[in-house]
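Biologist: Could you walk me through this one, starting with the charged pairs and then moving on to the turns and the packing?

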Amino acid sequence: MKVSYKGIQKDLPPKLQEKLDAKFAKLSKLVDGRGEKQAHVVVTSERHLHKAEITLHVHNHQLVGICADSDLFSAMSAALDRIEKQAAKQGAKWRDTTRRSEPMKTATAKALPEIAAQPQGSVKTASRKTGPATAKSPGSGTRVFRPNHHEQRKPITLEEALLEMEDGREYVAYRDADKQVVSILIRRRDGHYDLIET
């Protein structure tokens, strides 16, 4: 990391300069992912108070640490600590957003050809052996089927839904002709049916 100083009349003692360089090296490990970064240090002094302002540009963000102290090294060290916290927070936020969006993008990209290949009026059923389709995390091989054909199909009665269940389906989602609500008819393990109405 390149560091440019402005406003310092006299150099720091060698031991303090080494400590400051070590802090900049630690910060460099946090932010130097794509090329070398440059930090700008501006020091202003009023009587016995030193104000240190450190500015660093990282991934289209500007990190600024400002601190004032009677000791120049303490002011610069505190300003560096503030920038370090900001850099760690930015890095965590970036990791969270990229890690969350990547599996969703790949899962969506894999599901699009399958959805396009399905016939319009088909209804997919979930097997009882694998459990519900939303139980596992996205991208782990499970698929979610949404029967979005209710606009093309006419409403049916409960008896007609029972007839559709005779071909071995686990459930049928349909629009009830009598009540004008979306209903789901589910086959239970004991052979009876559960009816869910919305």
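Modeller: Before the pairs, one cut-off is needed: a residue counts as buried under 20% relative accessible area, as exposed over 50%, and as partly exposed in between. Please also keep in mind that this is a predicted model.

Biologist: Okay, how many salt bridges are there?

Modeller: The count comes to six salt bridges. One of them is formed by Asp 81 with Lys 23, where the closest N and O atoms are 2.9 Å apart.

Biologist: What does Lys 179 pair with?

Modeller: Lys 179 forms a salt bridge with Glu 197, and the closest N and O atoms are 2.9 Å apart. This pair links distant parts of the chain, 18 residues apart, with Lys 179 in the loop between β5 (171-175) and β6 (182-187) and Glu 197 in strand β7 (residues 193-197). Lys 179 is exposed, with a relative accessible area of 51%, whereas Glu 197, at 36%, counts as partly exposed.

Biologist: Which residues are linked in a network?

Modeller: Arg 188, Asp 190 and Asp 194 are linked in a network of salt bridges. Elsewhere, the side chains of Glu 164 and Arg 169 meet in a salt bridge, at 3.2 Å from N to O.

Biologist: Where is Gln 180, then?

Modeller: Gln 180 has its place in the loop between β5 and β6. Its phi is near 55 degrees, again a positive value in a residue other than glycine, and at 52% relative accessibility Gln 180 counts as exposed.

Biologist: How many residues lie between β5 and β6 in the hairpin?

Modeller: The hairpin formed by β5 and β6 has six residues between the strands, and Gln 180 is in the turn. The two strands run antiparallel and are joined by five bridges; in one of the pairings, Ala 173 has Ile 184 in β6 as its bridge partner.

Biologist: Now the packing: which residues have the most contacts inside the largest nonpolar core?

Modeller: Those are Leu 20, Phe 24, Ile 54, Leu 56 and Met 76, in a core of 22 residues. The elements giving two or more residues to this core are α1, β2, β3, β4 (61-69) and α2, and α2 gives the most, with eight residues.

Biologist: What does Leu 20 touch?

Modeller: Leaving aside residues up to four places away in sequence, Leu 20 touches Tyr 5, Leu 12, Phe 73, Met 76, Ser 77 and Leu 80.

Biologist: And which residues are in the second core?

Modeller: The second, separate core has six residues, among them Ile 156, Ala 161, Val 172 and Tyr 174.

How values were computed: Residues are numbered from 1 along each chain as its sequence is written. This is a predicted model: local features need pLDDT of at least 70, side-chain atom pairs count only at pLDDT 80 or more; totals for chains, interfaces and linings use all residues. Side-chain values use heavy atoms; hydrogens and water are left out. A salt bridge is a side-chain nitrogen of Lys or Arg within 4 Å of a carboxyl oxygen of Asp or Glu. Helices (H or I, at least four residues) and strands (E, at least two) are DSSP runs, numbered from the N terminus. Buried means under 20% relative accessible area, exposed over 50%, partly exposed in between (1.4 Å probe, protein chains only). Two strands pair if DSSP finds at least two bridges between them. A nonpolar core is a set of buried Ala, Val, Leu, Ile, Met, Phe, Trp, Tyr and Cys residues joined through side-chain atoms within 4.5 Å. Contact means heavy atoms within 4.5 Å.
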